[in-house]
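Q: Please take a close look at the charged side-chain pairs in this model. Where do the partners sit, and what surrounds them?

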Amino acid sequence: MALAARLISRSRQLYSVQAAFGNGGATQVRSFAKDAAPADRPPVSGDDLLKGIFFEVKKKFETALGVLKKEKITIDPDDPAAVSRYAQVMKTVREKADLLSDSQRIKYTIETFTKGIPDARTYLNTLQQIRIKSGLIDHLGIEPLMMEALEKIEKDIKKPLLRSDKKNMATLLAEFDKINKKLGIQKEDLPKIEEELELEIAKSELTELKKECVEAMETQLKREEFQDEEMPDVRKLDIRNFL
């Protein structure tokens, strides 16, 4: 248990919560800045603004930690039940701490990183980079089909397709609709797709968490005081005991 205790204290067991705070930080700063200085009050100082942001983030973190102290998480990305349970716990964390969901975070990331991109090709390439960095897999092979549709239109107009070109962008979107229909993707399926996305992200985060735990344990086992201990099964660790 000494090994497990030191492992949990040293490893990034709150990986998902930390990621949620990091990804939601920009939204939080803008929201607080907007609320902190209403029109009928003088502007707040930079120090007061930072203090307010700090206490707000601290409050969210404590709320998230309170949930994690109560809810059991099994670090087993290969067990669908454990992945589903982890996703539900993190959903509870986000709801109680008022954090963005994974799908909302991705939407915000897309809006942030694609703002100002003038052409459709760079836009699609940026979407692909965001997907890869988010640990998501294009299971249906949609990206190549979208790029193929774009190349077809650019070949017809003999120039790069700009997002400001309403006529040809409408044509491209119509092609995307055809791709969706061909793959059996309907708008009414979006809630189910979002749920599947949440599970996929949950599995990715659990996989990362398991990797870090194993690496931390392997490092600890190399130390002399742990030479006689066996490596604990990551699946049996209960992080509630160490929070």
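A: **Charged pairs and their setting**

R85 has a relative accessibility of 35%, so it counts as partly exposed. Everything here comes from a predicted model.

The partner of R85 is E71. Their closest N and O atoms are 2.4 Å apart, and the pair forms a salt bridge. E71 sits in the loop between helix 3 (46-70) and helix 4, while R85 belongs to helix 4 itself. The two are 14 residues apart, and the bridge links distant parts of the chain. E71 is partly exposed too, because its relative accessible area is 25%.

The protein has nine helices and zero strands. From the N terminus on, the order reads α-α-α-α-α-α-α-α-α. There are 243 residues, and 36% of them are buried. Take the contacts with a separation of 6 or more: 69% of them join residues 24 or more positions apart. The accessible surface is about 15,600 Å². Carbon and sulfur atoms hold 54% of that surface.

**A pair under cover**

Side chains of opposite charge can pair when their charged atoms come close. The count here is eight salt bridges. One of them joins E198 and R94, with the closest N and O atoms 3.5 Å apart.

What else does E198 touch, beyond neighbours within four places in sequence? The contacts are R94, S101, D102 and S103. R94 is therefore both a salt-bridge partner and one of the listed contacts of E198, a buried residue at 14%.

**Around helix 4**

P80 lies in helix 4. Its relative accessible area is 61%, so P80 is exposed. P80 and L199 are 119 residues apart along the chain, yet their C-alpha atoms are separated by 8.9 Å.

D98 is in the loop between helix 4 (80-97) and helix 5 (102-114). D98 counts as exposed because its relative accessibility is 60%. The backbone deserves a check here: D98 has a positive phi of about 60 degrees, although D98 is not a glycine. From D98 to A64 the C-alpha distance is 9.5 Å, across 34 residues of sequence.

**Helix 6 to helix 7**

R131 and E143 meet through their side chains in a salt bridge, 2.6 Å from N to O. R131 lies in helix 6 (residues 120-133) and E143 in helix 7 (residues 142-157), so the bridge ties together parts 12 residues apart in sequence. R131 is buried, because its relative accessible area is 19%. That value is under the 20% limit. There is also a network: R121, E151 and E154 are joined by salt bridges that share partners.

**Helix 7 to helix 8**

Now to the packing of helix 7. Two packed helices are described by the angle between their axes and the distance between the axes. For helix 7 and helix 8 (residues 166-182), the angle is about 145 degrees and the axes are 10 Å apart. The crossing is right-handed. Helix 7 brings L145, M146, A149, L150, I153 and I157 to the contact. Helix 8 brings N168, T171, L172, E175, F176 and I179. By class, that makes nine nonpolar, two polar and one charged residues. E175 is the charged one, because Asp, Glu, Lys and Arg are the residues of that class.

K158 lies in the loop between helix 7 and helix 8. K158 is exposed, because its relative accessible area is 72%. K158 has a positive phi of about 60 degrees and is not a glycine.

**In short**

E71 and R85 pair at 2.4 Å. R131 and E143 pair at 2.6 Å.

Note on methods:
Residues are numbered from 1 along each chain as its sequence is written. This is a predicted model: local features need pLDDT of at least 70, side-chain atom pairs count only at pLDDT 80 or more; totals for chains, interfaces and linings use all residues. Side-chain values use heavy atoms; hydrogens and water are left out. Helices (H or I, at least four residues) and strands (E, at least two) are DSSP runs, numbered from the N terminus. Buried means under 20% relative accessible area, exposed over 50%, partly exposed in between (1.4 Å probe, protein chains only). Contact means heavy atoms within 4.5 Å. Accessible areas come from the Shrake-Rupley method with a 1.4 Å probe; for residues, only the protein chains shown count as cover. A salt bridge is a side-chain nitrogen of Lys or Arg within 4 Å of a carboxyl oxygen of Asp or Glu. Axes are lines fitted to C-alpha atoms, for helices over the stretch in contact, and angles run from 0 to 180 degrees between N-to-C directions. A crossing is left-handed if the near helix is turned anticlockwise from the far one by less than a right angle, and right-handed if clockwise.
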